[in-house]
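My entries follow in the order in which I looked things up.

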Amino acid sequence: MKTVKKLMDRPFLSKFDKVPAYFLSKEEVYESIIREIKNILEANLKSTTRSPFEYGTKDIQSIETSNSGIEKFKEHCRETILKLEPRLREVEITEINIDKERQEIKIRIIGHLKKDREGEIKTEIKIVNKG
């Protein structure tokens, strides 16, 4: 009976034993998601861009401050976050405060994670229009 020589012998595999595996803690994942949501919401969506990716939100000055305008902006934010942050399965925008004079928006968000059914992120993000 012939023995088949292994293609991957132990000395080769031992090289991988020295490479540390890096996994994010739950807190680090939450911080990463919050940082990405903030990046998404702080980026101004330019209608002149020809990119297939709509990364960002409307300019503060273009948001209507009526109840229906704020509801539309809430839905726009929710859809944008869900489209661009794949780790979330659901997003709730619980509150939006728009201050056009100061050029800032405060948004309270609850995000539900895909991988962790119990996982929930609650954050308040302040967006200041720099332009």
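**Entry 1**

I looked up Glu 71 to begin with, and it is partly exposed, with a relative accessible area of 46% (buried means under 20% relative accessible area, exposed over 50%, partly exposed in between, with a 1.4 Å probe and protein chains only). I note that this is a predicted model, in which local features need pLDDT of at least 70 and side-chain atom pairs count only at pLDDT 80 or more, while totals for chains, interfaces and linings use all residues. Residues are numbered from 1 along each chain as its sequence is written, and side-chain values use heavy atoms, with hydrogens and water left out.

The side chain of Glu 71 meets that of Lys 74 in a salt bridge, at 3.6 Å from N to O (a side-chain nitrogen of Lys or Arg within 4 Å of a carboxyl oxygen of Asp or Glu). Lys 74, at 18% relative accessibility, counts as buried. I find both residues in helix 3, 3 residues apart, which is about one turn of the helix (helices, H or I with at least four residues, and strands, E with at least two, are DSSP runs numbered from the N terminus).

**Entry 2: further salt bridges**

By this rule I have 9 salt bridges in the count. Glu 75 and Arg 78 form one of them, at 3.2 Å from N to O, and this pair too lies in helix 3, 3 residues apart. Glu 75 is partly exposed at 32% relative accessibility, and Arg 78 is partly exposed at 22%.

I then looked up Arg 108, which forms a salt bridge with Glu 95, the closest N and O atoms being 3.3 Å apart. Because Arg 108 lies in strand 2 and Glu 95 in strand 1, the pair ties together parts that are 13 residues apart in sequence. Arg 108 is partly exposed at 40% relative accessibility, as is Glu 95 at 30%. Salt bridges that share partners also join Glu 75, Arg 78 and Glu 90 into one network.

**Entry 3: the largest nonpolar core**

Which residues have the most contacts inside the largest nonpolar core? They are Leu 41, Ile 105, Ile 107 and Ile 109, in a core of 22 residues (a set of buried Ala, Val, Leu, Ile, Met, Phe, Trp, Tyr and Cys residues joined through side-chain atoms within 4.5 Å). Two or more residues come from each of helix 2 (26–42), helix 3 (67–84), strand 1 (88–99), strand 2 (104–113) and strand 3 (120–128), and strand 1 gives the largest share, 5 residues.

Leaving aside neighbours within four places in sequence, I find Ile 107 in contact (heavy atoms within 4.5 Å) with residues including Leu 41, Phe 73, Cys 77, Ile 93, Ile 96, Ile 125 and Ile 127.

**Entry 4: helix 2 and its surroundings**

The axes of helix 2 and helix 3 come within 10 Å and cross at roughly 125° (lines fitted to C-alpha atoms over the stretch in contact, with angles from 0 to 180 degrees between N-to-C directions). The two helices are therefore oblique to each other (angles under 35 degrees count as roughly parallel, over 145 as roughly antiparallel, 65 to 115 as roughly perpendicular and the rest as oblique). Ile 37, Ile 40 and Leu 41 in helix 2 meet Cys 77, Thr 80, Ile 81 and Leu 84 in helix 3.

Ile 34 is also found in helix 2, and at 25% relative accessibility it counts as partly exposed. Not counting residues up to four places away in sequence, Ile 34 touches Ile 121, Thr 123 and Ile 125. The C-alpha atoms of Ile 34 and Glu 124 are separated by 9.3 Å, although 90 residues apart along the chain.
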